[in-house]
Amino acid sequence: MFSSREKLRFSNMTIDNEGVYKKAGWGRSQYAVVFVCSLLFMGVGIGIGYAVGRNNSNSNIPQAGDTAQETATKPPRSPHPIDTILSSINKDNIKQNLWKYTSRPRMSGTPGGYELVQILQEAWRSSGIDEVRVTPYDVLMSYPNRTNPNRVQLLTSSGQLIFQSALFEPALDSLSNNSEIIPPFNAYAAAGISEGDLVYVNYGRIEDFLYLTQNMSIDLKGKTLIARYGKIFRGDKVKNAQRFNASGIIMYTDPSDFNRGNSTYPDSWWMPPSGLQRGTVGGDGDPLTPLYPATDYAYRVKESDVSGIKIPAQPISYGDAQHFLSEMGGEEAPLEWRGALPITYRIGPGFRNSSLKIRLEVNNFEEKRTVENVIGYIKGKTEPDRYILLGNHHDAWVFGAIDPLSGTAVLTELIRVFGEMLKSGTRPDRTIVFCAWGAEEHGLIGSTEWVEEYMKVLYERAVAYLNVDYAVDYNYVLFAGTSPLLQDSLYQATKLVPNPDTSSSDKTLYDAWKTRDNSNDLEPSVYYSLGSGSDMATFYQRAGVPSIDMWFTYDENKWDILSYPVYHSAYETVYLYENFIDPGYSYTATMAKLWGVLAWNIANEKVLKFDVRRYATAINKFIGNLKTEFGAKWTKQNVNIGALESAAQNLTTEAENFHQKVQSLQATSSAANVLQNRMINDKLIQFERAFIDCEGLPGRPMYKHVMFAPSVYDSYSDNSFPGIVDTMNEIENQNATAKWEVLKQQVSIATFIIQSAANTLKEVGL
């Protein structure tokens with residue numbers, strides 16, 4: 001995954017400025033309306049089983065609490081498509097896929113990467129789906145120099161070598177012993193040398209830099225920095241270092257975040273001292289064709305004109321980091337800055353022995369290479385021009401048994417099942433598109449270029465994008481981020497999927513999710529801050545396509561860690577997966593079922609289960625949080641928050657009116673009223689697009705979603721009202737008082753966008 005699941009994890013699921021939402025459950029009256037409407041719409045009697053009944057129509061969507069059995073008095077019928085999906089997913093097939101896919105490193109632009117594209121293309125075509133295409137893009141990629149690998153050295157003033165970081169991760173078992181493994185590097189880090197004093201900057205967040213420069217009066221100009229991985233996107237650590245005029249930065253995996261056990265890989269899932277995290281420090285998409293697709297006819301900027309990372313950066317292991325950190329001088333680090341190495345953490349600058357110095361040497365190179373997406377299609381029978389897209393990426397830094405190939409193995413199995421259904425005559429109403437993206441790890445490149453190429457079509461026709469970057473990083477609980485519009489669709493699907501833990505009293509995935517979510521809410525917790533951590537980013541934040549990102553993960557109350565420990569290392573093998581992540585593949589198969597049921601439901605619902613009231617509730621809560629945090633300051637500066645509140649209230653009113661109208665029409669209209677359903681669905685599909693501002697955010701035209709976009713200081717997480725929150729951050733933390741006019745403009749834009757969204761729900765709206 002490009003920026004990993006190190007994104008902010010949320011235990012208290014309330015709406016705040018990070019975009020987290022505390023859900024309100026449906027009341028009895030609302031469930032009653034749905035129940036009655038279902039009976040009228042489908043024409044079935046009341047009885048044990050699905051609330052809307054079973055039959056062999058592809059467009060009948062089952063409801064929560066259904067079973068697969070018909071009563072003895074009814075004649076035999078063909079299995080419902082949902083039953084077929086649930087019963088057809090085969091764990092052995094997924095296992096075989098994963099072993100095949102992880103047999104060699106799969107980085108995009110390498111022989112292993114190209115081979116996997118061919119494997120996927122052949123498997124998908126043999127499944128029997130309508131069409132499979134490979135979409136290539138020639139883009140600027142970044143790679144390490146094998147003959148002259150990157151390194152970090154501890155030297156004396158005379159140049160004598162005291163210690164050097166490992167040039168490769170040592171093999172700890174047969175699976176991690178492979179000559180194709182790339183040396184440690186950060187993609188798009190500049191080639192060059194940084195030499196001199198070393199400064200420890202904790203996690204490299206903006207607040208860490210402000211503490212060093214303001215509280216401790218340390219001048220970081222020309223210094224080499226060392227930061228521990230976590231909390232924010234690694235690329236933002238490098239940008240912060242560059243912003244404060246450092247000459248280079250080293251990043252390492254501290255055991256406080258990546259090793260909480262008594263043993264490490266291959267004896268457990270914890271990161272060994274020799275393990276390290278590769279990853280990009282670049283932006284989204286091809287650097288040479290910003291905002292436009294990297295087609296053969298595209299204009300490309302000069303490589304020398306690309307605005308990006310200008311300083312060297314390099315990842316190292318915590319075993320190597322200890323050699324450098326243990327020699328550092330200066331004041332002791334604050335308590336919250338200390339990791340778990342057996343050393344005294346010090347800030348620097350420099351070392352206790354003043355004759356020592358650090359030398360960071362990066363020899364990365366950049367060149368144009370072809371990256372490839374694999375795209376499969378099942379054409380809808382009644383609405384072929386409406387798309388439900390399922391996405392995962394196929395590239396990995398090394399073997400990628402978790403990230404991403406557990407997801408790829410699931411996607412291929414799901415395509416096989418859908419292909420078999422197609423052969424038996426079961427075709428969805430709307431078109432389903434299967435996507436395996438290339439070069440996600442380098443910066444969402446394959447998906448970004450594809451969305452840019454088909455932006456106009458997607459903007460008009462895409463219904464939903466369902467992302468599974470990887471299926472499982474631990475076999476405990478479902479974790480999901482979603483557009484507010486897809487929240488109910490997700491809940492509905494989880495109620496139809498069995499709990500993979502057969503020893504539990506919770507029978508459905510929904511029940512297990514709610515139990516293990518550790519939330520006191522009426523519904524399981526989701527988060528709205530999708531960030532730019534995976535391929536849903538461009539769909540959601542630029543094309544305005546309602547999106548979901550989901551996976552199974554660990555118990556955060558048991559392990560308060562930043563991600564699964566061996567993330568992006570050479571030790572992320574199929575051995576790790578089968579012994580410590582998901583033995584038996586039960587949760588992996590459950591992800592295939594959930595993904596399939598969710599896609600099938602959305603592809604066949606006569607009226608989409610998008611509840612616009614969720615959005616209105618979230619927006620009002622976000623505004624309330626803004627008032628609490630900034631209200632007094634805004635009053636002094638005459639910021640017009642009253643208009644913002646008024647627009648939000650208008651949205652709340654129109655959302656409720658629209659919802660009631662939809663319920664009324666469904667209760668009284670004929671199922672054959674295709675035009676009426678299409679009108680409703682079009683409004684629901686376009687509602688997310690109403691929050692897209694074509695001008696983009698201040699200084700970031702690539703990000704256009706006014707409600708949710710990656711924080712300018714952390715691409716892992718979103719801000720709600722990002723233009724407002726980021727501008728206030730500059731005003732408060734960087735003393736940028738001149739930004740008050742920008743702030744007023746952003747509040748005005750948000751007001752306009754919210755009112756426009758309300759207008760889209762009206763019958764005429766003009």
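Author: Of the 222 residues in the largest nonpolar core, the ones touching the most other members are L466, M550 and W634. The model you are looking at is predicted. Helix α16, residues 586-604, supplies the largest share of this core, 12 residues.

Reader: What makes a group of residues a nonpolar core?

Author: Two things are needed: the residues are buried and of the listed nonpolar kinds, and their side-chain atoms lie within 4.5 Å. L466, M550 and W634 belong to the largest such set, so each of them counts as buried. As background, nonpolar side chains in soluble globular proteins tend to be buried together.

Reader: Which residues is W634 in contact with, apart from its neighbours within four places in sequence?

Author: W634 is in contact with L626, V639, I641, I724, M728, W740, L743 and V747. Each of these pairs is called a contact because heavy atoms of the two residues come within 4.5 Å.

Reader: Let's follow one of those partners. Why is W740 called buried?

Author: W740 has a relative accessible area of 11%, and the cut-off for buried is under 20%. The value falls under that limit, so W740 is buried. W740 sits in helix α21, which covers residues 740-760.

Reader: What is W740 in contact with, once its neighbours within four places in sequence are left aside?

Author: Its partners are K633, W634, Q637, V639, M728 and I731. Take Q637: this residue is 103 places from W740 along the chain, yet their C-alpha atoms are 7.7 Å apart.

Reader: And for the whole protein, how many of the residues count as buried?

Author: Of the 766 residues, 63% do. Among contacts between residues at least 6 apart in sequence, 79% join residues at least 24 apart. The secondary structure comes to 21 helices and 21 strands.

Reader: What is the lining of the second largest cavity like, by class?

Author: There are 9 nonpolar, 1 polar and 1 charged residues, around a volume of about 50 Å³. Helix α13 gives the most to this lining, with 4 residues. Y476, W513, R516 and F552 are among the residues there.

Reader: What volume does the largest pocket have?

Author: About 1200 Å³ of space lies in the largest pocket. Of the 44 residues lining it, K239, G282, G283, S307 and G308 are the closest to its centre. The elements giving two or more residues are α6 (234-243), β13 (365-378) and α10 (445-453), and α6 has the largest share, 4 residues.

Terms used. Residues are numbered from 1 along each chain as its sequence is written. This is a predicted model: local features need pLDDT of at least 70, side-chain atom pairs count only at pLDDT 80 or more; totals for chains, interfaces and linings use all residues. Side-chain values use heavy atoms; hydrogens and water are left out. Buried means under 20% relative accessible area, exposed over 50%, partly exposed in between (1.4 Å probe, protein chains only). On a 1 Å grid over the protein atoms alone, a cavity is a set of points where a 1.4 Å probe fits but cannot get out, and a pocket is an open set with protein on both sides within 12 Å along at least five of seven lines; lining residues have an atom within 4 Å of a point. Grid points are joined across faces, edges and corners, and a volume is the space filled by probe spheres set on the points. Ala, Val, Leu, Ile, Met, Phe, Trp, Tyr, Cys and Pro count as nonpolar, Asp, Glu, Lys and Arg as charged, and the others, Gly among them, as polar.
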